[in-house]
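Subject: Structure handover

Hello,

Here is the structure I promised to pass on. Please open it next to this email and follow along.

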Amino acid sequence: MDKSENQISEEITEENVEETEQAENNFEQQAAEATDKLLRVMAEFDNFKKRSQKEKEDLFVIVVCDVVAGFLPVLDNLNRAVAAGAESEDKSLLDGVKLVQKQFVDALTALGVEEIKTVGEEFNPELHNAVMHVEDDTVGANTIVEEFMKGYSYKGRVIRHSMVKSAN
């Protein structure tokens with residue numbers, strides 16, 4: 001038994017120990033590099049998913065705005081018909097147009113489309129398009145005094161600017 005122990009101890013030399021330690025260090029270094037690469041790829045994939053989701057949501061908002069913008073002239077004409085019908089003697093036709101107008105506005109509201117507030121508000125070039133200006137001492141500076149065409153927004157994005165008259 002002494003021989004086998006001697007043979008074993010002769011085989012295990014300092015050189016073998018150093019080679020084993022070096023191999024272990026190389027293996028640990030490779031494992032650390034692989035772990036680092038994996039973590040980076042996982043982070044990149046997570047960022048890709050978030051970016052793709054945001055792009056999809058942004059595209060949806062753009063499409064809704066484009067579709068609603070195409071229908072706004074129809075709503076404008078309904079509003080004009082109601083205004084003109086107020087002078088008419090045929091109230092049943094006016095009532096019918098008002099119902100269609102209300103249904104249209106309700107559909108836009110259900111989508112999340114909002115009217116941009118105007119009269120009495122401070123002029124904001126991001127929301128309003130001033131087509132006229134008047135001097136009026138009864139109202140404050142930069143105040144909207146009249147609305148010519150309603151503006152609409154969807155999730156903070158302006159679909160159409162309000163056409164307004166501002167004062168001072």
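**The sheet around E6**

Strand E2 (residues 128-134) pairs with E6 in the parallel sense, over 6 bridges. A note on terms: two strands pair if DSSP finds at least two bridges between them. Helices (H or I, at least four residues) and strands (E, at least two) are DSSP runs, numbered from the N terminus.

Before you go on, know that this is a predicted model: local features need pLDDT of at least 70, side-chain atom pairs count only at pLDDT 80 or more, and totals for chains, interfaces and linings use all residues. Residues are numbered from 1 along each chain as its sequence is written, and side-chain values use heavy atoms, with hydrogens and water left out.

Strand E3 (residues 143-149) also joins E6, through 5 bridges, and these two run antiparallel. Together the 3 strands form an open sheet in the order E2-E6-E3, with mixed pairing. E2 and E3 stand at the edges with a single partner strand each, so one side of each has no neighbour in the sheet. Neighbouring strands here are turned by 35° against each other on average, direction ignored. Axes for such angles are lines fitted to C-alpha atoms, for helices over the stretch in contact, and angles run from 0 to 180 degrees between N-to-C directions.

Find Met163 in E6. Asn129 stands opposite Met163. Met149 stands opposite Met163 too. Elsewhere in E6, Ser166 is the bridge partner of Ile144.

Is E6 (residues 162-167) mostly covered or open? Mostly covered: 5 of its 6 residues are buried. Buried means under 20% relative accessible area, exposed over 50%, and partly exposed in between (1.4 Å probe, protein chains only).

**His128**

His128 is found in strand E2. Its relative accessibility is 5%, so His128 counts as buried. A polar atom of its side chain lies 3.0 Å from the backbone oxygen of Lys117.

**The other sheet**

Another 3 strands form an open sheet, in the order E1-E4-E5, with antiparallel pairing. Strand E1 (113-115) and strand E5 (157-160) are at the edges with a single partner strand each, so one side of each is left without a neighbour in the sheet. Strand E4 (residues 152-154) pairs with E5 over 3 bridges. One of the residues to look for is Tyr152, whose bridge partner in E5 is Arg160.

H3 has 21 residues, which at 1.5 Å a residue should span 30 Å; its end C-alpha atoms are 30 Å apart, so the two agree. The expected span is 1.5 Å times one less than the number of residues.

Which residues of H3 are buried? They are Leu94, Val97, Gln101, Phe104 and Leu108. The face turned away carries the exposed residues Ser92, Leu99, Gln103, Thr109 and Ala110. Gly112 follows H3, with a positive phi near 105°.

The count of aromatic pairs is 2. In one, the ring centres of Phe71 and Phe104 are 6.4 Å apart and their planes are at 65°, so the pair is edge-to-face. Phe71 is in helix H2 (residues 14-85) and Phe104 in helix H3 (residues 91-111), 33 residues apart. The rule: rings of Phe, Tyr and Trp (its six-membered ring) pair if their centres lie within 6.5 Å; planes under 30 degrees apart are stacked, over 60 edge-to-face and the rest tilted. Phe71, at 46% relative accessibility, counts as partly exposed.

Best wishes

Key:
A polar contact is a pair of N or O atoms within 3.5 Å; within protein, one must be able to donate a hydrogen and the other to accept it, and residues adjacent in sequence count only if both atoms are side-chain atoms.
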